[in-house]
Amino acid sequence: MSAVSESGAKVLYTASVDVTGGRGGRATSSTGSLELDLTRPAQRGTGGTDPEELFAAGYAACFDSALQVVSRREKVTVGPTTTTAAVSLCTDEDDVYSIAVELTVTAPECDQDTLDELLELTDQTCPYSRAIRGNVPVVITGLGRR
């Protein structure tokens, strides 16, 4: 049984990526559009990207798109937006690893109060936010027109 069939959700799209060699290996998507070397965060500067960068890119893209969906539903013109995701790899005193996320959404044409309301709704809508809620600390900051 698959995770999708367990959830009862209708599948819209499935991405599949093979990784060989873990954090110091290579990632290749089933479509061939993604082929890249992976690197450990401690070895930055040696080429490649790390899983935290990949997660940050996916989360930022998903959240920014969800913001556009929410603004259309709410009939609000938000203007151009940029979403930056900063994903931190963390460890506690027992050497247990975790991640933490800071999202910063810049929308210079949207007034601050409206943006704050939209971001709350977006956090409830975005699949990445929904998937990690209660397990990964996320701080969302909006930078709108004052």
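# A walk from a buried glutamate

Buried here means under 20% relative accessible area, exposed means over 50%, and partly exposed lies in between (1.4 Å probe, protein chains only). Before going on, please note that this is a predicted model, in which local features need pLDDT of at least 70 and side-chain atom pairs count only at pLDDT 80 or more, while totals for chains, interfaces and linings use all residues. Residues are numbered from 1 along each chain as its sequence is written, and side-chain values use heavy atoms, with hydrogens and water left out.

Now step back to the whole chain. The protein chain has 146 residues, and 29% of them count as buried. Its C-alpha trace spans about 45 × 35 × 35 Å along the principal axes. The chain holds four helices and six strands, and along the sequence these follow the pattern α-β-β-β-α-β-β-α-α-β. Helices (H or I, at least four residues) and strands (E, at least two) are DSSP runs, numbered from the N terminus.

What does Glu-52 do with its side chain? The side chains of Glu-52 and Arg-23 meet in a salt bridge, at 2.6 Å from N to O. This pair links distant parts of the chain, with Glu-52 in helix α2 (residues 51-73) and Arg-23 in the loop between β1 and β2, 29 residues apart. A salt bridge is a side-chain nitrogen of Lys or Arg within 4 Å of a carboxyl oxygen of Asp or Glu, and a search of the whole structure finds four of them.

The loop that holds Arg-23 leads us to the strands on either side of it. Three strands form an open sheet in the order β1-β2-β3, with antiparallel pairing. Its edge strands are β1 (17-20) and β3 (35-37), each pairing on one side only. Neighbouring strands of this sheet are turned by 15° against each other on average, direction ignored; such axes are lines fitted to C-alpha atoms, for helices over the stretch in contact, and angles run from 0 to 180 degrees between N-to-C directions. Two strands pair if DSSP finds at least two bridges between them. Between β1 and β2 (residues 26-29) there are four bridges, in the antiparallel sense, and Asp-18 has Thr-28 in β2 as its bridge partner.

Arg-26 is partly exposed, with a relative accessible area of 33%. Glu-35 forms a salt bridge with Arg-26, and the closest N and O atoms are 3.6 Å apart. Asp-37 also meets Arg-26 in a salt bridge, at 2.9 Å from N to O. Asp-37 lies in strand β3 and Arg-26 in strand β2, so this pair ties together parts that are eleven residues apart in sequence. Asp-37 counts as partly exposed, at 45% relative accessibility. Salt bridges that share partners join Arg-26, Glu-35 and Asp-37 into one network.

Further along the chain come other strands. Strands of a sheet pair through backbone hydrogen bonds, either parallel or antiparallel. β4 (residues 82-91) and β5 (residues 97-111) run antiparallel and are joined by ten bridges; Thr-83 has Val-105 in β5 as its bridge partner. In which sense do β5 and β6 run, parallel or antiparallel? Strand β6 (residues 138-145) runs parallel to β5, and eight bridges join the two. Here Val-101 stands opposite Val-138 in β6.

β4 and β5 form a hairpin with five residues between them, and in the turn Asp-95 has a positive phi of about 60°. At 60% relative accessibility, Asp-95 counts as exposed. Lys-75, in the loop between α2 and β4, has a phi near 55°, a positive value in a residue other than glycine. Lys-75 is exposed as well, with a relative accessible area of 76%.

The largest pocket holds about 290 Å³. A pocket is found on a 1 Å grid over the protein atoms alone, as an open set of points where a 1.4 Å probe fits, with protein on both sides within 12 Å along at least five of seven lines; lining residues have an atom within 4 Å of a point. Grid points are joined across faces, edges and corners, and the volume is the space filled by probe spheres set on the points. The lining includes Lys-10, Tyr-13, Val-17 and Tyr-128.
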